[in-house]
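Open the model in your viewer and keep the selection tool at hand. The tour goes from single pairs of residues to the place where two chains meet.

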Amino acid sequence: MKSLKLLGLWALALAVGLSAVGCGGGGGSSSLVGSRADLVYLVVDSSYQGGAMGFIELGFDEGSSAVEPDVIGSLGGDVNVWTYRWGDGPLALVREYSRGGAGDRVLVVDLSGERVDPVERRIPDSLRNMHDLLVVEDRAFAAFFDTFEVGVYPVGEDGMPKFDMPIAQVNLSEDLGLSGRKPHPHRLALWRGSLLVLVQNEEGTWNYDVPGVLLELSSSDLSLLSSLDLGDNPQDLAISGDFAYVTCLGGYSASDDEIWKVDLGRMEVVSSADASPFEGLDLSEIELEARSGTFFLVAGRYGVGYRLYRFGEDLFEGASPDLLAEYPGWVNRIALDSGRKLLWVCHRGSRGDASLDGYDLESGRRRFRFDEARLRGIPYDVSVVR
Amino acid sequence: MVVEGSPLFELSPGSFTVLRPEDFEGEGKDLSDLLGRVPGLFVVRTVGGGGYAVASVRGSTSSQVAVYLDGVLVSRQGEPAFDLSSVSLSDVERVEVYRGYVPSRFGFPGLGAVINVVRKERARRVLSAEGRSFGGFRGFGEVGLPLGGGFLSLFFERDESRGDFSYLNDNGTPYNQDDDYRARRRSNGFWRDSLAARWARGGASVSLSAWRSRQELPAAAPGTDRDGIWSGAYLEGEGWEVGFAVPLSYLQVRAFARGRERDFRNPRDFVGWYGQRHSRFEDLVRGASVGFSKALGRLSLEGNLGFVEEALRVRGDAVERLGGRDRFDGTRAFCSLEGGLPLAGEGRTFLNGVVRYQTFNGDGDLGLGVLLGYRLGEKVLARLSWGKSSRPPGFYELYGDGASILPNPSLRWEELEEVELGLSLQGRVGVELSLFRRDYDEVIELVQANPRFSVHQNLGAASVEGAELSIGFRVGEVLVEGVYTCMDARSERAGASRGMRLPNRPQSCGSLRASWGSGRLFIFAEANFTSGWFLDAMERVPYEDALETNVGFKLDVGEGRRLFLGVKNLFDERLWMRGDGRRRTPWYPNEGRVLYAGLTVEF
């Protein structure tokens, strides 16, 4: 009986003093990889009480790659990260959700390694739960899901967007007349000088099974240029040329999942495909590699698992997608790295099998797997350093 | 004798501790404070004194601790983690805590962890009033009179606090000290009223009790507790209970019913932002048990049989706006048999064993416990025990709530296997030492299934190795008592947290107390400490080591009146988390120094 044997060992341990020792601490903020980081990732622990940010410097495969976990180790359990270039080097902005009304916590980490400590702020609670961020030159475009706000903000010298000094800011419910339902801005994209906003509408409480909206706003003053009703519960947006591709989840049954192809010039739907090529699973994340016209899409459901597919434009003519990978647990994020020709998949796992996987865009084969032990947590979000 | 928990005592051959609230009367303590003096037990509080608190025993989760009132299970399937703050101490005779080997009369043994609150059968004639910092007040009274050949006791208690202590708030930005501010805790108050009547004669008793309470639900502290941010959420409830106990020859029969209605109000939609502004939870629990105790030659036998039926009804926004499940029903039943047999050496060596079978809504599981004891003279006893126990999933774990948690009907029971080596020494110095190892398996965890739903799964596993020490002795007139627990509680769960320390299971904690009483005056001083405590599963969010010192005195001023005055947390030590090597305001700060004073009158 292992218990008895180990009890003896335990007694020995007691004799040499297992008593009070000082606590360990979270990671420090000096960086091993720093300026060589190719990826920034966020993890959460299984209790969702803590989270952390880490770097990955890619080698040829995972064995030759360097992973530095816990670069920032003081994050909460609901976080997102975006990377952008500012000045001479890349920055990462981490947003930690605050449910207490204190306002989201935002950290800007200098990936060049020149500045050791991150710049840290709380932003006004009227800008709660940032779902997307784009930084272009000295402007930051942000979408705040909970409070229906979309804004343009100047970026300060330290690389932190000045969320309390908007250049322009609109409330989708109050300012744009989308008040019939709760219009949650979810994804942003820039297209020919306009800001595209993918809006998830909520009806009543927690019911997103209603049509979403794609908005085209002026990127300077956020005035409304055009809008288009979409399918229920839009999840993700990919842009290629003058077309946008939107995944719509519908309800949590798979009956009304669809991919919509939108002609942005005319702001109208030109084609759609239902979920049948994806085995009827719920459609969520989509990425589009514009040069090759290759789509990557995640579809899945609890109890069945999640699958990564690859397909081309011919899906809308009835072609079948390629199944690249199957995962037992929820895949909540994919991120495209066109420069390195990789697609990153955040698999949150089901039984300690979470991983961050990198797929070769051309072959569709998995080239990297960083498991949760190496990442020191369950991957929650990833952003590519460009 | 100072140290209890010895097999020399009658309650159990295994490890247990008994605390009597009257011994600590006038010391500003609630049930959580008392349980902090139990080796192997750690109390996790989320708010200040008197607020929501749960217990962990030998590395267990709070859901794995079975809590009983007068031998009747009160930790519900609808709420397996029992809130210790819901028990008022005014009518409590003693609190028993069983660890490891659990006697058969507790048909649902948790995972080797039982807290049994035994209430008084005979009231004193006492009135007491206590005021304390942050708007705290506690008043209680008890009175009794002979009636119908028995004794009728009446108890009442009022306890309340604003909980508005001040503390340093780092705004949740440990890298940025410029935005730190001094804050006063908001939405952190509570009040609780209770009334109980009990009639007892011999082993028979009838009890009636009722309570009502309100518990404010504060926001996580970092960045809050300032103008414009106010939770306003609270939980208000009322409940009643009726119980009977009747001895019939060598049988003891019990029956009880307990009802509770609670309203969760969240007027500003502050908690979760889910639009759940009001939900109502009504539960009714009924049960009965019969037990016997009989000697058959050298073999002493004890057996028990019982059931508990529970019905939970949910109304309000959780159901109507979020599509939640509105009713849960469950029946738990058990039968158990325990035997004790003297072996060699005229009973110096003895063997005890318990076997129990539990069921919940048709699923069942067998639990076992074996204890081998060896007495050396009158005052020394060594024991070795092994046990296996299990806990069925709770309502929300198994059936989901319909709103945000998916059902998982294939969820398995949580399991524990434990081995323990104990030594008791009774003499001028009383010592109780236990070494234990626990292996938890199939531990239920909540995981995110998709953006909309979570689900409970049997993911967790853990091993816990530890030691518990209780010691007591006198130095002249001074009584010195100490308890100390050290534990190495590590996750065996697959994945990144394997080998990490379990959250909310401190590596060591303990209490040292010295008291002196002579005639009219009683003085005490005590220190409670905690070390190696992580909030998260990846050892990233540790609490700093904490030391709390309490002092006080009680003075008899004649005619049955006793004045008391004291200070909890004399040096105003605050709890701090750390992150990235920096000090951080914890989600739920402790209240710091608390002054209290009061008067108890016996009439």
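A residue counts as buried under 20% relative accessible area and as exposed over 50%, with partly exposed in between. Keep in mind that this is a predicted model.

**Stop 1: a pair in chain A.** Select D263(A) and R266(A). Their side chains form a salt bridge, 3.1 Å from N to O. Is R266(A) buried or exposed? R266(A) counts as exposed, because its relative accessibility is 53%. D263(A) has a relative accessible area of 11%, so D263(A) is buried.

**Stop 2: two loops in chain B.** Now select R124(B) and E25(B). A salt bridge joins them, with 2.7 Å between the closest N and O atoms. R124(B) sits in the loop between β7 (113–119) and β8 (126–132) of chain B, and E25(B) in the loop between β1 (15–19) and α1 (31–35) of chain B, so the pair ties together parts 99 residues apart in sequence. Both R124(B) and E25(B) are buried.

**Stop 3: a loop and a strand.** Select R76(B) and D283(B), whose side chains meet in a salt bridge of 3.1 Å, N to O. Where do these two lie in chain B? R76(B) is in the loop between β5 (72–73) and β6 (92–99), while D283(B) is in strand β17 (residues 278–296), so the bridge ties together parts that are 207 residues apart in sequence. R76(B) is buried, with a relative accessible area of 7%, and D283(B) counts as buried at 7% relative accessibility.

**Stop 4: a network.** Next, select R58(B), R99(B), R383(B), E418(B), E420(B), E432(B), R438(B) and E468(B); salt bridges with shared partners join them into one network. Over all chains, the structure holds 91 salt bridges.

**Stop 5: where chains A and B meet.** Show both chains. Here 78 residues of chain B are in contact with 64 residues of chain A. The two chains bury about 5,800 Å² between them, and 57% of that is on carbon and sulfur atoms. How many salt bridges are there between chain B and chain A? The count is two. Select D70(A) and R540(B) to see a salt bridge whose closest N and O atoms are 2.5 Å apart.

Colour the side of chain B that touches chain A by element. Elements giving two or more residues to it include β22 (380–391), β24 (414–425) and β25 (429–448) of chain B. The largest share, seven residues, comes from β26(B). By type, the residues on this side of chain B divide into 36 nonpolar, 23 polar and 19 charged.

Definitions and conventions:
Residues are numbered from 1 along each chain as its sequence is written. Chains are lettered from A and ligands numbered from 1 in the order in which they are written. This is a predicted model: local features need pLDDT of at least 70, side-chain atom pairs count only at pLDDT 80 or more; totals for chains, interfaces and linings use all residues. Side-chain values use heavy atoms; hydrogens and water are left out. A salt bridge is a side-chain nitrogen of Lys or Arg within 4 Å of a carboxyl oxygen of Asp or Glu. Buried means under 20% relative accessible area, exposed over 50%, partly exposed in between (1.4 Å probe, protein chains only). Helices (H or I, at least four residues) and strands (E, at least two) are DSSP runs, numbered from the N terminus. Contact means heavy atoms within 4.5 Å. Buried area is the accessible area (1.4 Å probe) that two parts lose on being put together, summed over both. Ala, Val, Leu, Ile, Met, Phe, Trp, Tyr, Cys and Pro count as nonpolar, Asp, Glu, Lys and Arg as charged, and the others, Gly among them, as polar.
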